[in-house]
Amino acid sequence: MRVDLGDIEYLWDYVRTVVMRVCVRVELMPRGRGVRSFKGEHCRITFRNP
């Protein structure tokens, strides 16, 4: 499967725009030493008021 890099950049720009409109802050928390997997507790999201 081939993907055009321009399409990927467009998608990242779109996702970034959506996140910026919906969220005030996105914080990635420290996972601890030797932890490689990602869990929901590792991310703190503050949403905008509607």
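Which residue forms a salt bridge with D13, and how far apart are the closest N and O atoms? The legends below take this up, view by view.

**View 1. The whole protein, with its confidence.** What you see is a predicted model, in which local features need pLDDT of at least 70 and side-chain atom pairs count only at pLDDT 80 or more, while totals for chains, interfaces and linings use all residues. Residues are numbered from 1 along each chain as its sequence is written, and side-chain values use heavy atoms, with hydrogens and water left out. The score pLDDT is the predictor's confidence in each residue, running from 0 to 100. Its mean over the protein is 88, and 98% of the residues reach 70 or more. Confidence is highest in strand β2 (residues 43-47), at a mean of 94, and lowest in helix α1 (residues 5-22), at 88. Helices (H or I, at least four residues) and strands (E, at least two) are DSSP runs, numbered from the N terminus.

**View 2. R16 and D13 pair up within helix α1.** Here's the reply to the opening question: R16 forms the salt bridge with D13, and the closest N and O atoms are 2.9 Å apart. A salt bridge here is a side-chain nitrogen of Lys or Arg within 4 Å of a carboxyl oxygen of Asp or Glu. The two residues sit three apart in helix α1, about one turn of the helix. R16 is partly exposed at 45% relative accessible area, and D13 is partly exposed too, at 41%. For these labels, buried means under 20% relative accessible area, exposed over 50%, and partly exposed in between (1.4 Å probe, protein chains only).

**View 3. R44 and E27 meet across two strands.** A search of the whole structure finds two salt bridges, and in this one the side chains of R44 and E27 come together at 3.7 Å, N to O. The pair links distant parts of the chain, since R44 is in strand β2 and E27 is in strand β1 (residues 23-28), 17 residues apart. R44 counts as partly exposed at 44%, as does E27 at 25%.

View 4. C23 is buried, at 10% relative accessibility, whereas C43 is partly exposed, at 24%.
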